[in-house]
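Here are my comments on the model you sent.

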Amino acid sequence: MNYKRKTVYFNMENEKQKELYEWCTSESYNFSMFIRTLLSIYKDNNVLIENTSVEDLSKLQSTEKDKVYMNDIL
């Protein structure tokens, strides 16, 4: 088998990163599959955010109608 591995670090002293870590680990027992699914959704919908850099995504304000829940996707 041919696998590539990338490590994701979460700073548990940073409240946002800690919250993200806790959310990711609570959503799925298979962390890698969960992250790949999220990345795939991001990639497939990149057109929606083509004018926004990844660094700017946290500044965006979403409305209730913009929200997509993982249970609806998975």
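The points below take the helix, then the aromatic pairs.

1. Basis. This is a predicted model, in which local features need pLDDT of at least 70 and side-chain atom pairs count only at pLDDT 80 or more, while totals for chains, interfaces and linings use all residues. Residues are numbered from 1 along each chain as its sequence is written, and side-chain values use heavy atoms, with hydrogens and water left out.

2. Length of α2. Helix α2 spans residues 31-44, 14 residues in total. Helices are DSSP runs of H or I with at least four residues, numbered from the N terminus. From first C-alpha to last, α2 reaches 20 Å, close to the 20 Å expected at 1.5 Å a residue; the expected span is 1.5 Å times one less than the number of residues.

3. F34, I35 and T37 are buried (under 20% relative accessible area; exposed is over 50%, partly exposed in between; 1.4 Å probe, protein chains only). They lie on the same side of α2 because they cover an arc of only 160 degrees around the axis, taken from the directions from the helix axis to the C-beta atoms. L39, K43 and D44, on the other side, are exposed.

4. Aromatic pairs. The whole structure holds three aromatic pairs (ring centres within 6.5 Å, using the six-membered ring of Trp; planes under 30 degrees apart are stacked, over 60 edge-to-face, the rest tilted). W23 and F34 form an edge-to-face pair, 5.4 Å centre to centre with 65 degrees between the planes. This pair links W23 in helix α1 (residues 15-27) to F34 in helix α2, eleven residues apart. W23 is partly exposed at 34% relative accessibility, whereas F34 is buried at 2%.

5. Cluster. F10, Y21 and F31 form one aromatic cluster.

Definitions and conventions: Helices (H or I, at least four residues) and strands (E, at least two) are DSSP runs, numbered from the N terminus.
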